[in-house]
Amino acid sequence: PYFSQMGTIVDNSDTLSIDEKNAPIFSLSVGSVSSTMTTVSISDKVKQAEIPPAEDPPRVRTSCIDLRYPIVLLSMFALSALMSNVVCFNFVVLFMPSTLETENANHTYVGYTKDERTLLFSAVAIGALVAVVPVSHATHALGTRKVFFAAGMLTTIATALIPMGSRLSLSAFVGLRFIQGMSVAAAMPTVGSVTANWASLGQHGLFMSTLTTFGQISSIFSMPVAGYLCMTSLGWKSVFYLHAIVSGTIFAIWYLVYRNQPSKHPWISPLELGTIHRGKSAADLQKYDSKGKRKEIPYLAIISTPAVWAVWIGALGDLVAVQLIHIFSPLYLHEVLGYSVQKTGWTAALPVLFQFFVKIFAGHSSDRIVSVSETTKLRIYNTLALGLSGAFMAALAFVPRGYPTWGIVLLTLSNAMFGFNGGGFNKCATLVSRQYSHFVMANIQVILCLSMLISPILVNSMLRTGSISEWRLVFLSHAALLVICNAIFCLLTTAKPALWTDPDVPLSNRRNQSFLSVKSQDPKV
């Protein structure tokens, strides 16, 4: 406190006691006129200061890094484990005895017939197709945490039982593959839900690219591991046992760490929560209506929105071509390019390894580039994913026998380009559908199931003898599908949120609203 008296400033800060708390802060005396002015009454303030202020309830935080990054990585590993349990069969089937064969010390078997292999491949697709609608409804009603964990436990048990079930009967083996497929139905809804809830608006590309690498990671892990174990004394059964142990462990950790909503997680900081929610509408964040009931999904509006159809058509071309590489690349490498059995496992993992790195790069760069509009970026990245991949696949069709290096280079380039889809139709799905992205992604899961079902039948119908001309037809037809689907995507896509995600969304163009709506007053595109 400073006192001014007759123009002299006196510092009494060392002598002022608490008893002087009611004295004026400033006192001014000029001649016979004395005026006292109190600018701040500190009586009540000091009383309040004597009472210790209430502390905010502590929020537990066990990590110095943002929580959303461990969440997305754990989800990526759980998705990869889910898919690995299915993918490992693609390689092991080359070494497994059929149900009627007797196991021998040399581990040389005739194996399953082409029709039996087709049935075993298709069982996964049928199981996923049957379960995708119930899984989507369960995810909306119960939350991702419970549904995805249940799917993880289901696939873990089914995978562990395959060595025994495959020896009992073909029907038992098909049934276990069907159960694996039911578990796979939870994959894409989980990708959409994790991205919509845990990613900030500026990180949708990174999250989508990271989470959708589960197809690549599963092959990178399963193909070499299966190739190694099948050539050891442990044999083909050990492949399924190992995969069951890995998936069970990962899903247990994921369940302990994951929460459906960031605001409900005990480890998240207020700063990170604000980062995740920044820019999202109240309708996007509010999961329940005024009566406390979970909001209904606007099914009709979603399926009648052009931008959503752009997502699904782009996914169709991508996933059909990806199934070709995932399922038939070991066969192509072994029978056409002439790679040995052990090298086939490692070589088959090479294209998907490159795709993994491209996905991470594409997702990060898609979020960082600001010199062009978001819609233009969607078109560019999707064209790189589908158009360029189609071009490399068309070139692969004309590689003759005896040129394995050219074959593996073109196969790797074609597959790697699919990594850009994280900045294409996958990113478009979450930008347009926001809080309903799990439903849009669930329909991508339907397309994935159909591609898993149709691709083996379609490709096997074209590969009657496995000649070069038949493989050429396979590659050229898939290249044409990629180009057509990409053209349709570029025509219909937009990055704007759809009208049904929030009533306050401006009607900027016709692509992000249902064509059944009559509210549009701006026909611009």
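Q: What percentage of the residues of the protein chain count as buried?

A: A residue is called buried under 20% relative accessible area, exposed over 50% and partly exposed in between, with a 1.4 Å probe and protein chains only; here 52% of the 525 residues count as buried. This is a predicted model, in which local features need pLDDT of at least 70 and side-chain atom pairs count only at pLDDT 80 or more, while totals for chains, interfaces and linings use all residues. Residues are numbered from 1 along each chain as its sequence is written, and side-chain values use heavy atoms, with hydrogens and water left out.

Q: How many helices and strands does the protein chain have?

A: Helices (H or I, at least four residues) and strands (E, at least two) are DSSP runs numbered from the N terminus, and the protein chain has 19 helices and four strands.

Q: Is Ser366 buried or exposed, and which residues does Ser366 touch?

A: Ser366, which lies in helix α14 (residues 341-368), counts as buried because its relative accessibility is 0%. A contact means heavy atoms within 4.5 Å; leaving aside residues up to four places away in sequence, Ser366 touches Glu374, Lys377, Tyr381, Gly423 and Lys427.

Q: Where is Val446 found, and which residues does Val446 touch?

A: Val446 belongs to helix α18 (residues 437-462) and, with residues up to four places away in sequence not counted, touches Leu129 and Val132.
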